[in-house]
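Hello,

Here is the structure I said I would pass on. My notes on it follow below.

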Amino acid sequence: MRLEVTGGSFSYGRNEILKDVSFSIESGEVLAVLGQNGIGKTTLLRCVMGMLRWSSGMTLIDGRDLHLCSDKEIWKRIAYVPQAKNSISSCTASEMVLLGRSAHLGLFQQPGRKDREIAEKALAFVGMEKVAGKSCTKISGGELQMVLIARALASEPELLILDEPESNLDFRNQLLVLETISRLADENGIAAIVNTHYPVHALKISDRTLILNDDLSSIFGDTDELISEDNLSNAFHVDVRIGENSYEGHSYKSVIPIRIR
């Protein structure tokens with residue numbers, strides 16, 4: 001699968017939010033989207049998926065305009081993982097994951113044995129079998145985020161779109177989410193677009209990065225080249241230093257905000 005956005009712009013009335021945004025992603029790649037709060041990252045995702053219509057520009061899936069595809073066709077290929085804090089439901093974790101099969105069912109069709117097996121497999125992949133029978137209101141934020149990822153996986157997508165999946169989580173659960181995204185790309189060939197506030201997370205898992213700036217400009221490219229002290233300072237208006245640490249033979253980069261400009 002190849003998803004491409006060309007010249008994407010979006011406005012709420014006269015308020016221009018996104019301008020001439022272009023990027024692409026292919027199977028097995030992870031794309032990180034970085035930018036300040038309120039810069040339009042979630043709006044970007046909604047435009048990419050067709051929930052909002054671009055004012056100009058387009059989303060292409062394998063060279064075909066997204067708006068020429070039926071909703072059913074889109075949601076068989078693309079799955080959305082919203083922020084956990086906006087997705088609280090009284091259903092059980094198993095029931096939540098089973099909802100991911102909706103795109104594969106007819107209008108009045110009920111999930112069958114195969115659908116339940118796929119949902120169970122998705123829950124197992126993210127290591128959340130232990131909460132299968134629990135209400136989503138009774139599990140932790142980290143567990144709920146993993147259940148939402150499992151729900152997306154149950155649709156057997158080619159592309160996952162995740163809106164700040166590691167926000168409001170502790171270090172352990174942040175790592176769990178990031179490692180799961182990496183596994184999906186490496187082992188399953190699933191592409192992923194991840195909105196994040198954390199440049200260090202982009203450095204850890206993404207192949208490419210899109211940075212949205214508050215002057216409506218944007219830059220897109222390989223993560224290791226694009227995430228630089230200058231680009232981060234310009235995007236977030238803070239002085240930044242990028243360091244490098246080694247652990248057990250592996251190199252890890254750190255991003256330290258120093259002061260507000």
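Helix H6 (residues 171–188) has 18 residues and reaches 25 Å from first to last C-alpha, close to the 26 Å expected at 1.5 Å a residue (1.5 Å times one less than the number of residues). Helices (H or I, at least four residues) and strands (E, at least two) are DSSP runs, numbered from the N terminus. This is a predicted model, in which local features need pLDDT of at least 70 and side-chain atom pairs 80 or more, while totals for chains, interfaces and linings use all residues. Residues are numbered from 1 along each chain as its sequence is written, and side-chain values use heavy atoms, with hydrogens and water left out.

Among the buried residues of H6 are Asn173, Val177, Ile181 and Leu184; buried means under 20% relative accessible area, with a 1.4 Å probe and protein chains only. Just after H6, Gly189 takes a positive phi of about 70°.

Strand E8 (191–195) is largely enclosed by the rest of the structure, because 5 of its 5 residues are buried. Ala191, Ile193 and Asn195 point one way from E8, and Ala192 and Val194 point the other way. In general, side chains in a regular strand alternate between the two faces of the sheet.

E8 pairs in the parallel sense with E3 over 4 bridges and with E7 over 5 bridges; pairing takes at least two DSSP bridges. The chain runs from E7 through H6 to E8 in a right-handed β-α-β crossover, that is, clockwise from the first strand over the helix to the second, with the strands pointing away from the viewer.

Regards

Notes. Buried means under 20% relative accessible area, exposed over 50%, partly exposed in between (1.4 Å probe, protein chains only). Contact means heavy atoms within 4.5 Å.
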